[in-house]
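Let me put the structure up and then walk you through it.

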Amino acid sequence: MKVKSIKSLWGMGGSLESQFERIAAANYDGIESPLPNEIEKYFGFPVEEKQFRSLLGRYNLDYIAMVFTDGNHAQSFTEQVKQAETFAPLKINAHSARDCMSFDEQASYFEKTQAVEMTLSVPVSHETHRGRAMFTPWTTSALLREFPDLKITADFSHWVCVCESLLEDQQEHLDLAIRRARHIHARVGFAQGPQVGHPAAPEYTLELNMHMDWWKRIIQVNAEAGTELTFTPEFGPPGYMPALPFTKQPVADLWDMCLWMKGQCDHITK
């Protein structure tokens with residue numbers, strides 16, 4: 001089974017073409033970003049849709065489209081995934097619903113989105129993200145039990161932060177999430193935050209090894225099922241990345257950090 005490596009456009013500088021060129025030269029298989037008309041809102045730089053489509057083809061890069069629901073969340077999801085489908089993406093990664101919704105409200109949302117997913121030509125996974133329906137292991141587990149076909153983007157760095165632990169007491173929920181994961185956001189979190197200063201730093205060896213063990217289990221599940229797995233080393237720029245006080249200088253180089261994480265993930269997928 002081939003596991004594809006994906007590079008997020010989050011935190012990248014320079015022209016859009018230079019970003020695509022750099023990603024392709026680093027042997028990533030694709031890019032992950034919001035839809036072109038939403039990139040400026042979430043990543044901070046404007047993108048022209050025609051150029052975006054052209055560059056995907058020119059550099060032979062797969063695309064994982066990100067959608068972010070708001071307002072009428074089910075309607076928002078439907079509109080965005082239908083638009084995303086026009087880009088022929090490899091997958092769609094959804095930031096779905098809200099943490100403040102009741103379980104019944106979340107279940108109503110996923111009942112509607114599951115029906116929409118059945119009409120799509122591209123698989124959808126819902127990210128385990130703070131502020132969203134899947135912000136904890138237990139809320140996610142309840143939803144996964146309610147909807148047997150529901151799949152996730154596993155970003156367990158958020159859970160580590162929310163639970164202020166390495167999830168030692170969440171094994172049952174974690175086991176179910178691992179079985180349903182189809183895309184990995186390979187970012188290492190720690191008990192007090194969703195992103196360590198650098199995953200190669202020796203002070204974060206325990207956190208790195210724990211995340212790598214979770215990812216290995218996801219790889220094994222997908223290998224046994226014959227499903228296509230993808231991973232994005234999704235570290236973020238300041239102020240997601242720690243920065244030095246007063247100077248706002250990042251504590252590490254974002255590109256190099258993501259590339260180092262890609263290398264670790266490439267190794268465990270072979």
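So, to start: at what angle do the axes of helix H5 and H6 cross? The answer is roughly 45 degrees, and the axes of H5 (residues 103–117) and H6 come within 11 Å. Before I go on, this is a predicted model: local features need pLDDT of at least 70, side-chain atom pairs count only at pLDDT 80 or more, and totals for chains, interfaces and linings use all residues. Residues are numbered from 1 along each chain as its sequence is written, and side-chain values use heavy atoms, with hydrogens and water left out.

A word on terms. Helices (H or I, at least four residues) and strands (E, at least two) are DSSP runs, numbered from the N terminus. Axes are lines fitted to C-alpha atoms, for helices over the stretch in contact, and angles run from 0 to 180 degrees between N-to-C directions.

Back to that roughly 45 degrees. It makes H5 oblique to H6; under 35 degrees would be roughly parallel, over 145 roughly antiparallel, 65 to 115 roughly perpendicular, and the rest is oblique. On the H5 side, the contact uses Phe 103, Gln 106, Ala 107 and Phe 110, and H6 brings Ala 142, Leu 143 and Glu 146. Contact here means heavy atoms within 4.5 Å.

H6 (residues 137–146) also packs with helix H8 (residues 171–180), at an angle of about 55 degrees and with the axes 9 Å apart. That makes H6 oblique to H8. This crossing is left-handed. From H6 you get Pro 137, Trp 138, Ser 141, Leu 144 and Arg 145, and from H8 Glu 172, His 173, Leu 176, Ala 177 and Arg 180.

Let's zoom in on Ser 141, in helix H6. Is Ser 141 buried or exposed? Buried, because its relative accessibility is 1%; the cut-offs are under 20% relative accessible area for buried, over 50% for exposed and partly exposed in between, with a 1.4 Å probe and protein chains only. Leaving aside neighbours within four places in sequence, Ser 141 is in contact with His 173 and Leu 176.

Now the strands. There are 8 of them, closing into a barrel in the order E1-E2-E3-E4-E5-E6-E7-E8, with parallel pairing. The twist averages 30 degrees from one strand to the next. Two strands pair if DSSP finds at least two bridges between them; E1 (residues 3–8) and E2 (residues 30–34) have 3 bridges. One example is Ile 6, whose bridge partner in E2 is Gly 30.

Most residues other than glycine have a negative phi, and most peptide bonds are trans. Asn 60, though, has a positive phi of about 55 degrees. Asn 60 sits in the loop between helix H3 (49–58) and strand E3 (62–68), and is exposed, at 67% relative accessible area. Lys 248 has a positive phi too, near 60 degrees. Lys 248 is in the loop between E8 and H10, exposed at 70%. And Pro 238 and Gly 239 are joined by a cis peptide bond, with omega about -5 degrees. Gly 239 belongs to the loop between strand E8 (229–232) and helix H10 (254–269).

Note on methods:
A crossing is left-handed if the near helix is turned anticlockwise from the far one by less than a right angle, and right-handed if clockwise.
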